[in-house]
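Here is a short briefing to read alongside the model. Keep the structure open as you go, and click through the residues as they come up.

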Amino acid sequence: MPKIVLKYNDKVVKEITLTDAVVNIGRKSGNDLVIDNLAVSSHHARIARLDDGFVIQDTGSTNGIFLNGEKVTQHALKFGDQILIGKHLIVFQDDAVAAPPQSAGERSGALRFGRYEIVKELGHGAMGTVYLGRDAIGHRNVALKTLKPEGVDAQELADMKARFFREADSAKHLAHPTIVKVFDAGEENGTAYFAMELLDGLTLRDFCAKRGAVSVKRAVEIAALVAEALAYAHTKNVVHRDIKPENIMVLLNGDIKITDFGVAKLMDASQTQSGVVLGTPNYMSPEQLYGAKVDGRSDLFSLGVVFYELLTGARPFQAKNISEMLRIHETHIPPAPSTLRADVPPSVDAIVLRALQRELPQRYQLGELMARELRAAMHGMTS
C-alpha cells in the first residue's frame, strides 16, 4: 500500500497511508495533511489516485511544488519520489519498505571521526568513503568524506594528506550559496576526513539521466550560477580543477551546489607512476592536461564542456586517455550546439564556443564576465 512520509529537518513528522482517493495538503486546518509553515499556501497541493497510480497536483499555491528538484504543476508519482513543499519534504513510498537501520548512536561501538558519529555509509570510491554523519556538537547531519586511497605508499599518502588539509582549509573559507559548505577537517586513527554540508538532491549527471534534457533557459541558468560561484572562488585564489556533472548538485528545491572544493587539487595531483591522472580527462582544459599551472580560466573551460553537454547531450571532446585528448584539442573544433539542438540561440552558441577556446587569451578571463553574458542571453527566453 502506498504511503507518504512528511519530513522536516530529516525528522519524520507524519505518515499517511494512501487509502483515500485524494489527500489534500496545505496550511489550513481542513486539509488531510496540514503543514504549518508560512511558505505553504492554505490549499497548496493534493495527491490523487489516477487509474492504477497516484499523481501530485499543485492546487494554486504561491511557491509551487518541486518533484525531485524540478518544479511541476502535475506529475505521476513513483516509489522513492521526493516532493518539496515549502521547507518540508514528502516522500512517496511503499508501506512495505523495511524500516531504516539503527543509527550509529543506537549501536554499541559506533564509528566516529572526531566529533562526528557515523550513521551509515553513503558511497565508496578509490580515494575513500563517504558517510552520513551526525555532529555531536552542532546537532546536525553532515556528509563525511574520508581520504583512504588505494595502492599508494606511505610517503605518497603523507603528501596527499598534507595537500588534503591545505585544500580543505581553503574550502572552509568559501561562503557562497552555490558552493557546498565545508565545516571541519581532521584525522582519526590515521584516516583524514572533512565534514561538509549534507545535500538532498542529485548530481547533474544523475538528474539529467532521470529527468531527461533540461530546457535551454534552465541550462543557461545552471551555467550562470556555476560561473558566478567560480568567479567568487577565484577571487579567494581557489581553483576547483574538477568541474564536471558529478561535482554539480541539483537540490530538491532546484538550487545548484558545486561540491568537492578542497579535494579537487588533491585528485588532480594524484598520479600513478605511469603519469595517468586519476579520473576522466573529458572535462579538463588543455593546459591542465599538459600538467601546466592552471588558474580560474581552466575552470571556465571545464564549465564550457559541462554546458555544451547539458545543452546537447554530447561532450565536445571525448577520449579514453590524456594523450588522445591532447591530440583532439589540437585538431578538433566542436560544432556549435545549435547544430545538434535547433532551439539553442546564437548568443548561447557564442558563449559556449568562447568558453571552449583552446588558447587562453581567447577564452573568458573572468567567471563574472561569463555569468553576465549568460544572464543577458536568458532575457527573452520563455522556457
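Predicted model: local features only at pLDDT ≥ 70, side-chain atom pairs only at ≥ 80, totals over all residues.

- Helix α7 spans residues 322-331, and its buried residues are Ile322, Met325, Leu326, Ile328 and His329.
- Looking down the axis of α7, you will find these buried residues within an arc of 160°, so they line one face of the helix.
- A helix turns once every 3.6 residues, so residues three or four places apart point the same way.
- What do the buried residues of α7 pack against? Their partners are α5 (286-289) and α6 (296-312).

**The six-stranded open sheet**

- Six strands make up an open sheet with antiparallel pairing, in the order β12-β13-β14-β15-β17-β16.
- At the edges sit β12 (112-113) and β16 (182-188), each of which pairs on one side only.
- Strand β12 runs antiparallel to β13 (residues 116-125), and two bridges join them.
- Arginine 112 has glutamate 117 of β13 standing opposite.

**Strand β1 and its neighbours**

- Strand β1 covers residues 2-8 and is mostly covered, with five of its seven residues buried.
- Six bridges pair β1 with β11 (residues 88-94) in the antiparallel sense.
- Within that pairing, isoleucine 4 has phenylalanine 92 of β11 as its bridge partner.
- Strand β2 (residues 11-17) also runs antiparallel to β1, and six bridges join the two.
- Here lysine 7 is bridged to valine 12 in β2.
- β1 and β2 form a hairpin with two residues between them, and asparagine 9 in the turn has a positive phi of about 55°.

**Aromatic pairs**

- How many aromatic pairs does the structure hold? There are six.
- One of them joins phenylalanine 54 and phenylalanine 92: the ring centres are 6.1 Å apart and the planes lie at 55°, so the pair is tilted.
- Phenylalanine 54 belongs to β6 (residues 53-58) and phenylalanine 92 to β11, so this pair ties together parts that are 38 residues apart in sequence.
- Both partners are buried: phenylalanine 54 has 5% relative accessibility, and phenylalanine 92 has a relative accessible area of 4%.
- Phenylalanine 113 and tyrosine 131 form another tilted pair, at 6.0 Å centre to centre with 35° between the planes.
- With phenylalanine 113 in β12 and tyrosine 131 in β14 (residues 128-135), the pair ties together parts that are 18 residues apart in sequence.
- Phenylalanine 113 counts as buried at 6% relative accessibility, and tyrosine 131 counts as buried at 14%.
- Phe113 and Tyr131 also belong to a cluster linked by ring pairs, together with Tyr116 and Tyr193.

**Histidine 176**

- Where does histidine 176 lie? You will find histidine 176 in the loop between α1 and β16.
- The side chain of histidine 176 reaches the backbone nitrogen of threonine 178 at 3.0 Å.
- Leaving aside residues up to four places away in sequence, histidine 176 touches Glu228, Ala229 and Tyr232.

**Other loop residues to look at**

- Arginine 241 sits in the loop between α3 (216-235) and β19 (248-251).
- Is arginine 241 buried or exposed? Arginine 241 counts as buried because its relative accessibility is 18%, and the cut-off for buried is under 20%.
- Arginine 241 and lysine 78 are 163 residues apart along the chain, and their C-alpha atoms are separated by 37 Å.
- Most residues other than glycine have a negative phi.
- Asparagine 68 has a positive phi, near 50°, and is found in the loop between β7 (65-67) and β8 (70-72).
- Asparagine 237 likewise has a positive phi, near 60°, and is found in the loop between α3 and β19.
- Asparagine 68 counts as buried at 6% relative accessibility, whereas asparagine 237 is exposed, with a relative accessible area of 68%.

Key:
Residues numbered from 1 in each chain as written. Heavy atoms only, no water. Buried < 20%, exposed > 50% of the residue type's maximum accessible area, 1.4 Å probe, protein only. Helix = DSSP H or I, 4+ residues; strand = E, 2+ residues; numbered from the N terminus. Arc of directions from axis to C-beta. Contact = heavy atoms within 4.5 Å. Pairing = 2+ DSSP bridges. Polar contact = N/O pair within 3.5 Å; in protein donor to acceptor, adjacent residues only side chain to side chain. Phe/Tyr/Trp six-rings, centres within 6.5 Å; stacked < 30°, edge-to-face > 60°.
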